[in-house]
Structure formats: C-alpha cells, structure tokens
Amino acid sequence: IVVFDASSGVGTVLLTGNTTVAQLDMALYTGTLSTDTSTNTFTSSGSFTVGPSATFLVAGSGTITVSGAAAVNAGGLLNWTTGATGSFQAFSLSGQWAFSGTVTALVTVAGAMTINTQGYFNVTTTSDSQLLFTSSYANSSQSASWSINTHFAAYFRSTSNQTMTFAGANLSGAEFSTCNFDTTLASGTVTYTMATRGLVCSGLLTVTDSAASTSVTLDTSASNLAVTAGGITIAAKGVLIGRASTINVQGNFNTASGLSGQTCGAGTESGFQCGTSTVLVGFTGTITTTASGGTPEFYNLTIGVGYTVTLANAIGISNVLTVNGTLSIAAVTVFLRNDNATSASLVFGASGAVTSGVTGGYIAYFSKAGTLEQIPAGTYTNVGLELTPNVVVAGDGYEYRLLGNATFYRVFLVPR
C-alpha cells in the first residue's frame with residue numbers, strides 16, 4: 001500500500017519504470033504524482049484515491065490499470081495528457097478528469113461510473129479520445145466547469161441491461177460529443193434505459209449492435225426524457241424508443257438500417273419506435289427512414305426555422321408535420337395520416353415551404369380519421385397534392401378546406 005499524505009511534500013513525484021502497488025492513497029497529498037514519458041505501466045491491484053489537493057498526471061503512453069475502486073475527490077485532478085490506455089473498475093468522480101493531450105487515448109471503466117455534483121470532465125485534447133463504459137452510468141454533475149470538445153467520445157458497450165442517468169439540463173452544454181450505444185454480447189438483447197434527465201450529445205448519436213446479437217435499444221423511458229444530438233443514426237439491429245419524448249436532431253437523421261418491425265403508430269418502421277414523440281430537426285441535411293407506402297415513420301415531425309431538410313425517401317406522419325423552414329421532398333411522397341382526427345396535420349410557420357426540385361413530389365392527405373383537413377396556404381414549389389381519405393364519412397364525405405392561396409403542379413382526388 002502506497003500512501004502520500006500531507007507530510008509527503010508539495011512537489012512532483014515521478015514514477016520511473018513499471019510500477020505496481022496494492023493500493024494508492026493520495027487522499028491527504030498536496031502534490032503531484034506523475035508517470036514518466038515512456039511506455040511504462042502503472043498498476044494498482046486495489047483502490048486508487050486522488051485527494052482534494054492532489055494530482056495524478058498521466059504523462060506516458062503506457063497502460064494505467066486499477067483493479068479496485070477509483071475515486072477523484074472534489075478538488076482533485078486526474079490529468080490524462082497522452083495516449084495512454086486506461087482500465088478502471090468502479091469509478092467515482094467528484095473532482096476533475098482532464099484530457100489535454102495531442103494523442104488518442106482510450107480509457108475503459110468496467111464498473112459503475114458515478115459522477116457526483118462537483119465532478120466534471122475538462123477536455124481540450126486535439127486528438128480523438130474515447131471513454132468506454134461497460135456497466136451503469138450515473139451523472140449528477142452540476143459543475144459549471146464541465147467542458148468538452150469535438151474530440152471526446154463516449155462508448156456505452158455493456159453485455160447486460162443498464163440504467164443510464166445523464167446530466168441533461170444540469171449542464172449548460174453537451175455531456176459528450178459522440179455517443180455510441182453498442183454491446184459485445186454474442187446473443188440476446190441489451191437495453192439502455194434513461195433515467196431522471198435527458199441526454200445531450202453535440203455530435204453523432206449511434207445505436208448499433210456490432211456483436212450481431214439480437215438487438216441494442218436506447219429507451220427514453222416512461223419518464224419521456226429528451227434526447228438532443230448533432231445527428232442520429234440507428235444502425236444494424238439498433239432501436240430507439242421515442243415514447244412521448246422530444247428528440248432534437250441537429251444533424252442527419254437515419255434509421256433505415258435499424259432493426260425492422262418497430263411499432264410506429266399503425267405501422268412498423270426500422271430502428272425507431274416513434275410512440276407519440278416529437279422529432280425536432282434543426283439542421284440542413286437529410287432524413288432517411290424505411291420508405292413509406294402510407295405507414296408512419298414519425299408521430300410528430302417539426303422542421304426548424306432557417307433549415308432545409310431533404311427527404312431521402314417517402315415518409316408517413318401519424319399526427320402533425322410542422323414546417324417552419326423548408327422541406328425538400330424531391331420526387332417522394334409525404335403521407336399525412338391524421339390518425340388522431342386533428343384538423344391540421346400539416347402546419348406552416350411564417351417561413352415554411354415545401355419544395356421539389358422536379359415534379360413528382362407529393363403531399364398526400366392519407367386521412368385515416370376525422371372528417372376535416374385544413375390545408376395551409378403557403379409555398380409549394382413543384383409539389384403535387386393528393387387527397388385520398390381512408391375513412392368513411394357519412395353525407396358529403398371527407399372535407400378538405402384550403403385556407404388561402406397555394407399553387408400545386410397537380411391535384412389528385414382519390415377516394416378509397
């Protein structure tokens with residue numbers, strides 16, 4: 001057992017060569033313990049504690065291995081300045097964990113990761129660094145010092161179901177850049193269920209199963225927690241359960257390669273159980289889903305002001321499509337199902353527009369419920385209109401009411 005305490009001085013102690021200890025205790029230390037700049041290893045077979053006035057500096061490119069519980073107390077600093085590989089078990093962070101190097105680092109936390117209210121990451125690295133979590137994750141940080149950049153990626157890769165408590169609105173910015181939910185399980189299912197707060201990733205969020213098991217799922221939970229990401233890709237055997245959550249997408253949205261057969265309203269979709277969620281799109285880019293023939297891919301879909309969103313394929317909307325920016329539909333069809341008998345399944349904001357670079361793109365009122373649809377006035381460029389009610393209405397039948405001036409290149413009335 002190696003103990004550095006207040007009597008150990010305030011300078012820097014340099015570890016040269018490979019170092020193995022049964023336990024490292026820096027709880028009362030007021031100095032810095034540093035690995036050297038070579039490829040040497042540091043191993044603690046027991047606990048690892050960095051006290052409130054102590055720093056553990058990773059300066060070499062070797063391996064840091066801690067087999068017991070690790071803790072960085074409030075005021076303490078774990079500073080990763082190189083591309084060293086790290087392996088920890090349970091980790092409690094109440095101080096600062098910094099990544100400040102220029103070489104890619106890969107650190108694995110195999111036990112429960114707990115970040116307390118004062119704990120924070122401070123990431124200034126100029127090369128991609130990855131944190132791999134293979135167990136539960138709970139982040140209660142409220143620190144204004146939490147700071148990450150585009151080189152900081154979180155990989156959640158468990159072999160069993162996990163509860164994920166993210167910091168959400170406790171932080172002023174994103175919790176991570178890239179967020180990847182995966183598994184190494186050879187067969188079976190793994191579900192990551194969100195708890196307490198939402199998730200904010202400034203970069204791409206991916207749900208995938210690289211181990212080719214049955215499925216990997218990110219569930220926003222019965223609490224309907226929000227997800228914000230710089231882009232969302234639901235890849236092979238991946239599933240996102242939207243429930244009644246708000247999904248904020250600030251990059252491309254692609255579910256086409258996800259696990260098929262996911263319930264979305266009255267139909268099924270690859271990769272996305274839409275529930276009664278709202279997908280808010282605040283980017284100029286592309287939406288790619290399973291191509292719709294009238295079944296829904298979204299419950300609510302909103303296009304943000306100032307953005308042009310292009311559909312890669314036909315989509316169906318169960319409830320409401322809101323266009324505050326520009327929706328480019330090329331030569332595909334948007335099916336407005338009106339499953340909930342709303343009278344306005346398409347809503348235009350002040351700058352809303354639907355465009356098609358070539359004739360052949362359609363807005364199809366595929367009305368499945370109600371008796372009335374109000375068609376908003378606005379800009380429809382090279383867009384066709386199809387009125388095709390799928391519900392029997394007594395008397396004069398289903399009513400479609402145009403609310404103002406609109407120009408369509410073609411209008412179809414198709415009773416079913």
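Throughout this description, a residue is called buried when its relative accessible area is under 20%, exposed when that value is over 50%, and partly exposed in between, as calculated with a 1.4 Å probe on protein chains only. The structure is a predicted model, in which local features need a pLDDT of at least 70 and side-chain atom pairs count only at pLDDT 80 or more, whereas totals for chains, interfaces and linings use all residues. Residues are numbered from 1 along each chain as its sequence is written, and side-chain values rest on heavy atoms, with hydrogens and water left out.

The protein contains 0 helices and 47 strands, where helices (H or I, at least four residues) and strands (E, at least two) are DSSP runs numbered from the N terminus. Taken along the principal axes, the C-alpha atoms fill a box of roughly 90 × 40 × 30 Å. Of the 416 residues in the protein, 54% are buried. When contact is taken as heavy atoms within 4.5 Å, residues 24 or more positions apart account for 53% of the contacts with a separation of 6 or more.

The largest nonpolar core comprises 107 residues, such a core being a set of buried Ala, Val, Leu, Ile, Met, Phe, Trp, Tyr and Cys residues joined through side-chain atoms within 4.5 Å. The residues with the most contacts inside this core are W80, W97, F121 and L205. Leaving aside neighbours within four places in sequence, W97 is in contact with L78, W80, F88, F91, V107, V109, M113, Y120, F121, N122 and L131.

A search of the whole structure finds 2 disulfides, each defined as a pair of cysteine sulfur atoms within 2.5 Å. In the disulfide formed by C179 and C201, the sulfur atoms are 1.8 Å apart. C179 belongs to strand 22 (residues 178-182) and C201 to strand 24 (residues 199-207), so this pair ties together parts that are 22 residues apart in sequence. The torsion about the S-S bond of C179 and C201 is about -95°, and the disulfide is therefore left-handed. C179 is buried, with a relative accessible area of 0%, and C201 is likewise buried, at 1%.

The disulfide of C264 and C274 has its sulfur atoms 2.1 Å apart and, with 100° about the S-S bond, is right-handed. This pair links distant parts of the chain, 10 residues apart, with C264 in strand 30 (residues 262-264) and C274 in the loop between strand 32 (272-273) and strand 33 (278-281). C264 is buried with a relative accessible area of 0%, and C274 is buried with a value of 0%. With the bonded cysteines of the protein numbered in sequence order, the pairing is 1-2, 3-4.

The structure also holds 4 salt bridges, a salt bridge being a side-chain nitrogen of Lys or Arg within 4 Å of a carboxyl oxygen of Asp or Glu. One of them joins R243 and D219, whose closest N and O atoms are 2.7 Å apart. Because R243 lies in the loop between strand 27 (238-241) and strand 28 (246-249) and D219 in strand 25 (residues 215-219), the pair ties together parts that are 24 residues apart in sequence. R243 is partly exposed, with a relative accessible area of 33%, whereas D219, at 8% relative accessibility, counts as buried. A salt bridge between R337 and D339 has an N to O distance of 2.9 Å; here R337 is buried at 5% relative accessibility, while D339 is partly exposed, with a relative accessible area of 24%.

D36, found in the loop between strand 5 (32-35) and strand 6 (42-44), is buried yet has no salt bridge, and R157, the nearest side chain of opposite charge, is 27 Å away. For this assignment Lys and Arg count as positive and Asp and Glu as negative, while His and the chain ends are not counted. The side chains of D36 and N40 are joined by a polar contact of 2.9 Å, a term that denotes a pair of N or O atoms within 3.5 Å; within protein, one must be able to donate a hydrogen and the other to accept it, and residues adjacent in sequence count only if both atoms are side-chain atoms. The side chain of D36 also reaches the backbone nitrogen of G17 at 3.3 Å.
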